[in-house]
Amino acid sequence: MNHAERVQIGIASKILTQLLEPQHVPRAIPASHQFDALAIARALKENFAKREELLPILPACNPGWRILIELYIARRERVRVSITDITHLTNLAGATSLRWLKLLDDGGLVIRQPDINDRRRFWLCLTDRGLGTVSQVLENMAAHFNPVFDLAYAM
């Protein structure tokens, strides 16, 4: 086992320990840490793919969350995403994507905008509420994991 693998195991162990502690209250992100929600979203996307590669019998996450992450990245990168695109990006079946898009649309997190050049196509984007919600989740993740990374690098 090399040093990088030992560090990863140490980080995972500390994360699990903190998550299992009932009295654990996440602290605010210190000013010394730069919160980059887009970087976290991209890392999550890569993590989903790696987890499904290593454990193909288990889905890496909820399909709705996977769609929200893709749309968050697209919005931050100013890229348009169609319904067909989201199916390919998330590696979800078409029916699954459509079912989740309906739920996300009904929940006010995603909207479908018709393409003015092709009436068969719809563009997807996060609503302001969707953007705010995903941003809050990513910020919360940063608040939970930064203390763990601080511990790991202090070792």
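In which helix do D106 and K102 both lie, and how many residues apart are they? Both lie in helix 5, four residues apart, about one turn of the helix. Helices here are DSSP runs of H or I with at least four residues, strands are DSSP runs of E with at least two, and both are numbered from the N terminus. The two side chains form a salt bridge, with the closest N and O atoms 2.9 Å apart. A salt bridge is a side-chain nitrogen of Lys or Arg within 4 Å of a carboxyl oxygen of Asp or Glu.

The model is predicted: local features need pLDDT of at least 70, side-chain atom pairs count only at pLDDT 80 or more, and totals for chains, interfaces and linings use all residues. Residues are numbered from 1 along each chain as its sequence is written, and side-chain values use heavy atoms, with hydrogens and water left out. The predictor's confidence in each residue is its pLDDT, on a scale from 0 to 100. The chain has a mean pLDDT of 80. A value of 70 or more is reached by 74% of its residues. Over residues 23–34, pLDDT stays under 50. For that stretch the model has 14 contacts beyond four places in sequence. A contact means heavy atoms within 4.5 Å.

The chain holds six helices and three strands. Along the sequence they follow the pattern α-α-α-β-α-α-β-β-α. Consider contacts between residues at least 6 apart in sequence: 59% of them join residues at least 24 apart. The accessible surface comes to about 10,300 Å². Carbon and sulfur atoms account for 58% of that surface. Accessible areas come from the Shrake-Rupley method with a 1.4 Å probe, and for residues only the protein chains shown count as cover. Of the 155 residues, 33% count as buried. Buried means under 20% relative accessible area, exposed means over 50%, and partly exposed lies in between (1.4 Å probe, protein chains only).

The largest nonpolar core has 27 residues. Such a core is a set of buried Ala, Val, Leu, Ile, Met, Phe, Trp, Tyr and Cys residues joined through side-chain atoms within 4.5 Å. W65, L68, I69, L71, V110 and L138 touch the most other members. Two or more residues come from each of helix 2 (37–54), helix 3 (63–77), helix 4 (83–90), helix 5 (94–106), strand 3 (122–126) and helix 6 (128–154). Helix 3 gives the most, with eight residues. Residues up to four places away in sequence aside, L68 touches L104, L109, V110, L126 and V134.

F48 belongs to helix 2. It counts as buried because its relative accessibility is 4%. Beyond its neighbours within four places in sequence, F48 is in contact with A60, C61, W65, R66 and I69. F48 and T90 are 42 residues apart in sequence, yet their C-alpha atoms are 9.5 Å apart in space. T90 is also one of the contacts of S97, along with I67, T87 and L92, leaving aside neighbours within four places in sequence. S97 sits in helix 5. S97 has a relative accessible area of 0%, so it is buried.

The surface carries a nonpolar patch of about 450 Å², made by L54, L55, I57 and L58. Patches are made of residues with over 30% relative accessible area and no salt bridge; like charges are joined within 9 Å, and nonpolar side chains (Val, Leu, Ile, Met, Phe, Trp, Tyr) within 5 Å. L55 is found in the loop between helix 2 and helix 3. L55 counts as partly exposed because its relative accessibility is 46%.

The whole structure contains nine salt bridges. K102 has 46%, so it is partly exposed. R112 forms a salt bridge with D105, with the closest N and O atoms 3.9 Å apart. R112 is partly exposed at 31% relative accessibility, and D105 is partly exposed at 30%. D115 and R121 form another salt bridge, at 2.7 Å from N to O. D115 is buried because its relative accessibility is 6%. R121, at 34%, counts as partly exposed.
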